[in-house]
Amino acid sequence: MGTHGGARNGSGRKPGINKIPKTIKIDKILLEELEKINPDLKFIEKIESAIKLYIEKEKGE
């Protein structure tokens, strides 16, 4: 009988993905408004886009 669990070839996250997990708390009204905008996009895509715009604005680009 084989063992259960343990490492398997090809399992887990692939190397080279530069994503860092973060937990946020967001105001309910902001979330509702965000969900109404372009519902085809994922939540993280919207947040990343907003952060990029904020960084550009603050840098004066």
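On a 1 Å grid over the protein atoms alone, a pocket is an open set of points where a 1.4 Å probe fits, with protein on both sides within 12 Å along at least five of seven lines, and its lining residues have an atom within 4 Å of a point. Grid points are joined across faces, edges and corners, and a volume is the space filled by probe spheres set on the points. The structure examined here is a predicted model, in which local features need pLDDT of at least 70 and side-chain atom pairs count only at pLDDT 80 or more, while totals for chains, interfaces and linings use all residues. Residues are numbered from 1 along each chain as its sequence is written, and side-chain values use heavy atoms, with hydrogens and water left out.

The largest pocket holds about 300 Å³ of space. Its lining consists of Lys 19, Ile 20, Lys 22, Ile 24, Phe 43, Ile 44, Ile 47, Glu 48 and Ile 51. By class, 6 of these residues are nonpolar, none is polar and 3 are charged, where Ala, Val, Leu, Ile, Met, Phe, Trp, Tyr, Cys and Pro count as nonpolar, Asp, Glu, Lys and Arg as charged, and the others, Gly among them, as polar.

Two of the lining residues, Lys 19 and Glu 48, also meet in a salt bridge, their closest N and O atoms being 2.9 Å apart. Lys 19 lies in the segment before helix 1 and Glu 48 in helix 2, so the pair ties together parts that are 29 residues apart in sequence. Helices here are DSSP runs (H or I, at least four residues), numbered from the N terminus. Lys 19 is exposed at 56% relative accessibility, whereas Glu 48 is partly exposed at 28%; buried means under 20% relative accessible area, exposed over 50%, and partly exposed in between (1.4 Å probe, protein chains only).

The whole structure contains 2 salt bridges, each defined as a side-chain nitrogen of Lys or Arg within 4 Å of a carboxyl oxygen of Asp or Glu. Lys 36 and Glu 33 form a salt bridge as well, with 3.3 Å between the closest N and O atoms. Both residues sit in helix 1, 3 residues apart, or about one turn of the helix. Lys 36 is exposed at 60% relative accessibility, and Glu 33 is partly exposed at 41%.

Just after the helix, Asn 38 adopts a positive phi of about 40 degrees. Most residues other than glycine have a negative phi. Asn 38 belongs to the loop between helix 1 and helix 2 and is partly exposed, at 40% relative accessibility.

Lys 46, in helix 2 (residues 43-59), is buried, with a relative accessible area of 10%. No salt bridge is found for Lys 46, and the nearest side chain of opposite charge, Glu 35, is 7.3 Å away; Lys and Arg count as positive and Asp and Glu as negative, with His and the chain ends not counted. The C-alpha atoms of Lys 46 and Glu 35 are separated by 9.1 Å. A polar atom of the Lys 46 side chain does, however, lie 2.6 Å from the backbone oxygen of Ile 37.

Terms used: Helix = DSSP H or I, 4+ residues; strand = E, 2+ residues; numbered from the N terminus. Polar contact = N/O pair within 3.5 Å; in protein donor to acceptor, adjacent residues only side chain to side chain.
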